[in-house]
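Subject: Structure handover and notes

Dear colleague,

Here is the structure I promised to pass on to you. Please have it open while you read the notes below it.

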Amino acid sequence: MTERFLIEEAVNAIEMFIAIGFLTRYLGCKYNGKKAIGAFLLGWLTAFITLSIINQITVFESVGTYLYILVYYIYALLFLKGNVLLKLWMSILTQVIITIVAVMTIVSIACLFNCAPESVITEFALPRIFVLVGSKIIVLVVDIIVLKSHQGIIQENILWYKLIFIPFLSVISITMLMRVTLKHPDVKFWILMGMTAIAAANVMVYYFYGVISEEYRNKLTIKLLEQQNENIRSHIAETDVFVKEMRSVRHDLKHHLLSIN
């Protein structure tokens, strides 16, 4: 029992380390050096303690999912860069990745071993080990892909903030489906199909977020080029006026010199 507890807690620590690390790498820390390390450790420890407590209270943490989002969001508000809505978006996205991967891994392993999803969660056997190791590897891979694909932080509140509701509702939907699976394990395959659809929808949402972000950057670039073009035109006009004035002065000076001569 003690060995299982230590393994579970070690896995929880790794999961929260990945989550807080992903959030920090994506948004960037406000501080440098020891302050940045201290902020990261504080966020990681808080998230780890929250996860450990929730795991001791319930078999499957549906309500705890929202608490994790709150912990991420507070950490982002205190220590990370970006505006308020972007921090909320990334806090939700971080937990969406963890939740979808976790529940889909549990149900997939249950289908593979032809056992109840609840036994995969509660019994420390081979299926549970597959879930613990496999889900964390998948989360890490997904986080790396997201970090490599993102184009930077958008500081303005543009259309993308409306997309926040989709991943948030996905968290609710995926946890509710997991509840159904725990009570009715005979429909786990069809629940897995529904979860797959939700996961695909979130991938599309993130893709469109990237499209909107790129479009917004293009608009900013066009505005900047237009402003530069306008400045060049204004400079040309001022230069033309200056040249005309110099010609007038030259003509007057020539006239004065002729008169003096």
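This is a predicted model: local features need pLDDT of at least 70, side-chain atom pairs count only at pLDDT 80 or more; totals for chains, interfaces and linings use all residues.

The largest nonpolar core has 61 residues, and the members that touch the most others are Tyr72, Trp89 and Met90. At least two residues of this core come from each of α1 (2–27), α2 (33–57), α3 (62–79), α4 (84–113), α5 (117–122), α6 (126–149), α7 (165–183) and α8 (188–260), while the largest share, 16 residues, is supplied by α4. If neighbours within four places in sequence are set aside, methionine 90 is in contact with Phe22, Leu23, Tyr26 and Leu27. As general background, nonpolar side chains in soluble globular proteins tend to be buried together.

Helix α1 can be checked for its length: with 26 residues at 1.5 Å a residue it should span 38 Å, and its end C-alpha atoms lie 37 Å apart, which agrees. After α1 comes glycine 28, which has a positive phi, near 90 degrees.

The structure holds two salt bridges. In one of them, the side chains of glutamate 8 and arginine 128 meet at 3.0 Å, N to O, and this pair links distant parts of the chain, since glutamate 8 lies in helix α1 and arginine 128 in helix α6, 120 residues apart. Taking under 20% relative accessible area as the cut-off for buried, glutamate 8 is buried at 12%, and arginine 128 is buried at 11%. A salt bridge is also formed by the side chains of lysine 136 and glutamate 15, at 3.2 Å, N to O, and this pair likewise links distant parts of the chain, with lysine 136 in helix α6 and glutamate 15 in helix α1, 121 residues apart. Lysine 136 is buried, with a relative accessible area of 15%, and glutamate 15 counts as buried at 14%.

With best regards

Conventions
Residues are numbered from 1 along each chain as its sequence is written. Side-chain values use heavy atoms; hydrogens and water are left out. A nonpolar core is a set of buried Ala, Val, Leu, Ile, Met, Phe, Trp, Tyr and Cys residues joined through side-chain atoms within 4.5 Å. Buried means under 20% relative accessible area, exposed over 50%, partly exposed in between (1.4 Å probe, protein chains only). Helices (H or I, at least four residues) and strands (E, at least two) are DSSP runs, numbered from the N terminus. Contact means heavy atoms within 4.5 Å. The expected span of a helix is 1.5 Å times one less than its number of residues. A salt bridge is a side-chain nitrogen of Lys or Arg within 4 Å of a carboxyl oxygen of Asp or Glu.
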